Amino acid sequence: MTLLSLKDVTKAYGGVPALKGVDLSIAPGEIHALMGENGAGKSTLIKILAGVVHPDTADIRIDEHRVEIGSPRQAHRLGLRFIHQEFNVVPALSVAENIFMGRTYPMRGGLFVDWRRLNLAARDTLSRLGICHIDPSRSQGSLSLGDQMLVRISSAFIGEDGAPARLYVLDEPTAALNRSESERLFSVLRELRGSGASVLYVSHRLDEVMAICDMATVVRDGRSIDTGRIADITHDDLVTLMIGRKVEEAYPPALVAPGADTVLSAKDLAVRGGGRMSFAVRAGEVLGIAGIANAGQRNLLRTLFGDLPSHGGSITLAGERYRPRSPADAWRAGVGYIPRERRSEGLITSRPIFENITLPHLAAQSSWKIWLTPWREKRVSAQQGELVRLKASGPGQRVRELSGGNQQKVVFAKALLGKPRLLLLDEPTRGVDVGAKFDIYSLIRDMAARGMGVVLVSSDLPELIGMADRIAVMRDGAVTDIVAARGLDEERLLNLCYGRATG
Amino acid sequence: MLTLLRRYGTLVGFAAILIFFWVSLPDTFMTARNWLNISQQMSMLIVVASGMTIVMVMGDFDLSVGSMASLAGIVAAILFTFDYPIWAAVSVALLVGLAGGAVNGLLISFVGILPFVATLATLTMLSGVAFVVSGGKTISGRAIPESFGNFAREGIALGDWGGVAVSLPNLTIVAIVVVALVWVLLEQTTFGRRLYAIGGNIEAAHLSGVAVRRLKLIAFSLTGGTAALAGIMYASRVASSNPTQGSGLMLNAIAAVFLGSTLSEHGEPRLLYTIVGVLVLGVLDNGLTQLSVDSYVRQILVGGIILLAVSTSSYARRLN
């Protein structure tokens, strides 16, 4: 018995094949992982299921009956529900209103909305999925991203227009979630599975897939390569299937040991919403910053980068007092920054690569700080591109035409121009596929080997343990522990993040 | 094909308009004299539209340019009535423009008001100030120095052209100089590069060390300055000044930038395309006037053509 089966799905865009033959079959009550590198064809496949893109050839069956999915409305009628990263929710309305959006609200006297009953019904829906911590009368916009996603799922769960939900498709749902939010999402997905619905789960994060999925289908170069039970497959097998070659190590080894010189030292530093903390980063050292969501990591980085004022204490950079009052000050002092949101904070995607790379360094990359010298900028940008192994047609190419991994490399090329002394990284591998991730890790190693100090904020604990020399744990806005990364296990780090006593 | 339509649709339309007028007005339209005349008629709009491009590159706009032009004209004329020399009166009027633009910039970047609201408010205020200081009257006649009025009428002789003596009007020369300066500023300097960065992604620009607030302040000041210059040019051209003189400039300037941006690859404003936009508007105005089309009908046609150009461009972009 299969809920959904796809056979021989092909699709070409203007003669360029995106899907060359994908088979996929999902049983009822199953969480099925769809895996593959960026550009492997996952998003095209999902768009076909959603009725947004029409396949060239396809045999799509639901309950063994052949169907055509001509429009999003039809996909909905067939019981397919799509939960994207950009949820269709209205932040200003309450949780209950968002859950019942598009349906009739309970009324009083046929004229007024019965808010009490609406909230009760919403609470009931949430609790059926095991979500008890969200107050339905709160406004949607005041929730964390993770909770907003849970509301979106709840809304899909109760079904609309009499079409019950059969299959939930989640595309990279945890990309913006922290660990505890992800855990909640997983327990809701298990509830959904218990209710007989299926989930198609698209993610880069292997450990998640290993933890919650029953089956996995791997696509590569537009073909489905293999389908199998998660229980029968190892982490390494999955990676090998996805990228088509064996990967020896997830994290490249450190090239040098951290030096003796201190690059950055913070003394009794206080950042917005937190207590005082002291720490130091040595030349060639990668200092990881761990913590649950909103434990102050972002405010710390933004303070070090001059985007937030410090609330006390002092910072020295390479032995000199460092008091940046703007990002411009930070760049001038030799601090490079990789922001968390690549597209909204890191790049001007409508402009060419070289303009992005030289933007913080225009004073040095121009004549008399005023006159543009594009030829020089292009030459410098091409060199930076080589350094970060950027794949692009040339420095004049627009950033928006690049893949996610290559866009992130542009952000790195920008931060590394002018040989900064300190590199601040905020979730540098988020939403980047396995191959590009390794490139970025190697680059961080390279930079450390050249004597840069690196501060790495990440919610990916294995990444922190694999890349950092020491890890500073933040809780309630301040660093509470600093531990060596070598020999640290994930559970102990997690306990430190939550402030639980460790055995 | 679509890309071609998107990028060159406006140019093709412009060519069609030119050919239409050429055929309809075989004796008068395609003549050096008429074109120099168009260039003079358009010179104020060119100056204002150049200034408007500076802020529109950042994704902002300035609704107050028309009132600013009127006020600058009034300020200069009033100083003339007190027998100030021309250079002094013109300098003060220009400074008023820079200062008014700086106020816009302060409101937008440091107080944080939306450009639409901030410049709508200053539009009203500047217009009020122009009425108050002029007493609501047109300042003309002997108060205006003769050489100030003559400046707009004179030009550099270009010799005979088909038996007619033609000259390059001074106002056209001023417009060309302004275009050259703004072009260098936007396309050749780090200042311009940073403005484009702000327009592309203000947050990323800020995190890349672009001093967003300071640049906005400077950009709005420059826009105010160009508006004031246009007002002075206008006053010179009609040798008089009244508090509503510049009111038509704002909409036409924004329309010219939008029209021009349909030509650019990524839909962003670029100065030279803005000038093409001004030319389209100017040629339409000139041709339709010569064909004695009623001025209200002219408004309908001009509005329709702007809509057509912008919608063709955005439709083609969507299909892409």
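This is a predicted model: local features need pLDDT of at least 70, side-chain atom pairs count only at pLDDT 80 or more; totals for chains, interfaces and linings use all residues.
How many residues of chain B are in contact with chain A, and how many residues of chain A do they meet?

**View 1. Where chain B meets chain A.** On the chain B side, 18 residues are in contact, and they meet 23 residues of chain A. Look for helix H8 (190–200) and helix H9 (202–207) of chain B here: these are the elements that give two or more residues to the side touching chain A. Sorted by class, that side of chain B has nine polar residues, seven nonpolar and two charged.

**View 2. Helices H3 and H11 of chain B, packed together.** H3 (residues 65–81) and H11 (residues 249–261) of chain B have axes 7 Å apart and pack at an angle of about 130 degrees. That angle is why H3(B) counts as oblique to H11(B). From H3(B), the contact uses B:Val65, B:Gly66 and B:Ala69, while H11(B) brings B:Leu249, B:Met250 and B:Ala253. Five of the residues in this contact are nonpolar, one is polar and none is charged.

**View 3. Chain A, the whole fold.** Chain A has 17 helices and 24 strands. Along the principal axes, its C-alpha atoms fill a box of roughly 70 × 55 × 50 Å.

**View 4. Inside chain A.** Of the 503 residues in chain A, 45% are buried. Among contacts with a separation of 6 or more, 69% link residues 24 or more positions apart.

Key:
Residues are numbered from 1 along each chain as its sequence is written. Chains are lettered from A and ligands numbered from 1 in the order in which they are written. Two residues are in contact if their C-beta atoms, placed from the backbone, lie within 7 Å. Helices (H or I, at least four residues) and strands (E, at least two) are DSSP runs, numbered from the N terminus. Ala, Val, Leu, Ile, Met, Phe, Trp, Tyr, Cys and Pro count as nonpolar, Asp, Glu, Lys and Arg as charged, and the others, Gly among them, as polar. Axes are lines fitted to C-alpha atoms, for helices over the stretch in contact, and angles run from 0 to 180 degrees between N-to-C directions. Angles under 35 degrees count as roughly parallel, over 145 as roughly antiparallel, 65 to 115 as roughly perpendicular and the rest as oblique. A residue is buried if 20 or more other C-beta atoms lie within 10 Å of its own, exposed if 12 or fewer, and partly exposed in between; C-beta atoms are placed from the backbone.
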